[in-house]
Amino acid sequence: MDTLARIKDMAAREFSVDPKGLDPAAPLDTIGVDSLSFIEFMFKIEEEFGVNVSDEDLKSIKTLADLERHVAAALVAAGKA
């Protein structure tokens, strides 16, 4: 399963939405993600992928596609991709 598919699957479970209906380019708030739930979700993402996304990077993540790019970059930086 690719990174985006894994993130979508995790988001679907976390926010009780259908993964097929998740648009990676849609703003996270359209699926009911507020700042607190996003931080909690990020802890799960970091644990799942074994990476750390910086606080500065978190500020620029507005969509699942943004999140995927940051996770992929963190995987490359950590030598895990």
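Guide: Let us begin with a term: a residue is called buried when its relative accessible area is under 20%, and exposed when that area is over 50%. Please also keep in mind that this is a predicted model.

Visitor: Let me try the term out. Is Ala12 buried or exposed?

Guide: Ala12 has a relative accessible area of 7%, which is under 20%, so Ala12 is buried. This residue lies in helix H1.

Visitor: Which residues does Ala12 touch, leaving out those up to four places away in sequence?

Guide: Ala12 touches Val17, Asp18, Pro19 and Leu22.

Visitor: Let us turn to the helices. At what angle do H1 and H4 pack?

Guide: Helix H1, which covers residues 3–15, packs with H4 at an angle of about 125°, and their axes are 9 Å apart. The two helices are therefore oblique to each other. H1 passes H4 in a right-handed crossing.

Visitor: Which residues make that contact?

Guide: From H1 the contact takes Thr3, Leu4, Ile7, Lys8 and Ala11, and from H4 it takes Leu64, Leu67, Glu68, Val71 and Leu75. By class, the contact of H1 with H4 has 7 nonpolar residues, 1 polar residue and 2 charged residues.

Visitor: Thr3 is in that list. Is Thr3 buried or exposed?

Guide: Thr3 counts as buried, because its relative accessibility is 18% and the limit for buried is under 20%. Residues up to four places away in sequence aside, Thr3 touches Phe49, Glu68, Val71 and Leu75.

Visitor: What about H1 and H2: how far apart are their axes?

Guide: The axes of H1 and H2 are 11 Å apart, and the helices pack at an angle of about 135°. That angle makes H1 oblique to H2. H1 passes H2 in a right-handed crossing.

Visitor: Who takes part on each side of the contact between H1 and H2?

Guide: H1 contributes Thr3, Arg6, Ile7, Met10, Ala11, Glu14 and Phe15, while H2 contributes Ser37, Phe41, Lys44, Ile45, Glu48 and Phe49. The contact of H1 with H2 divides into 7 nonpolar, 2 polar and 4 charged residues.

Visitor: That leaves H2 and H4. At roughly what angle do they cross?

Guide: The axes of H2 and H4 cross at roughly 35° and come within 11 Å. Their crossing is right-handed. The contact is formed by Phe41, Met42, Ile45 and Phe49 of H2 together with Leu67, Val71 and Leu75 of H4.

Visitor: Now the loops. Where is Thr63?

Guide: Thr63 is in the loop between helix H3 (55–58) and helix H4 (64–77). Thr63 counts as buried, because its relative accessibility is 10%.

Visitor: What does the side chain of Thr63 reach?

Guide: The side chain of Thr63 reaches the backbone nitrogen of Asp66 at 3.0 Å. Leaving aside residues up to four places away in sequence, Thr63 touches Pro24, Ala25, Ala26, Pro27 and Leu28.

Visitor: So where does Ala25 sit?

Guide: Ala25 is in the loop between H1 and helix H2 (35–49). With a relative accessible area of 55%, Ala25 is exposed. Ala25 and Asp66 are 41 residues apart in sequence, and their C-alpha atoms are 8.0 Å apart in space.

Visitor: What is noted about phi of Ser16?

Guide: Phi of Ser16 is near 50°, a positive value in a residue other than glycine. Ser16 lies in the loop between H1 and H2, and counts as exposed at 67% relative accessibility.

Visitor: One last residue. Is Gly32 buried or exposed?

Guide: Gly32 counts as exposed, because its relative accessibility is 53%. Gly32 lies in the loop between H1 and H2, and its C-alpha atom is separated by 9.6 Å from that of Val17, which is 15 residues away along the chain.

Methods
Residues are numbered from 1 along each chain as its sequence is written. This is a predicted model: local features need pLDDT of at least 70, side-chain atom pairs count only at pLDDT 80 or more; totals for chains, interfaces and linings use all residues. Side-chain values use heavy atoms; hydrogens and water are left out. Helices (H or I, at least four residues) and strands (E, at least two) are DSSP runs, numbered from the N terminus. Buried means under 20% relative accessible area, exposed over 50%, partly exposed in between (1.4 Å probe, protein chains only). A polar contact is a pair of N or O atoms within 3.5 Å; within protein, one must be able to donate a hydrogen and the other to accept it, and residues adjacent in sequence count only if both atoms are side-chain atoms. Contact means heavy atoms within 4.5 Å. Axes are lines fitted to C-alpha atoms, for helices over the stretch in contact, and angles run from 0 to 180 degrees between N-to-C directions. Angles under 35 degrees count as roughly parallel, over 145 as roughly antiparallel, 65 to 115 as roughly perpendicular and the rest as oblique. A crossing is left-handed if the near helix is turned anticlockwise from the far one by less than a right angle, and right-handed if clockwise. Ala, Val, Leu, Ile, Met, Phe, Trp, Tyr, Cys and Pro count as nonpolar, Asp, Glu, Lys and Arg as charged, and the others, Gly among them, as polar.
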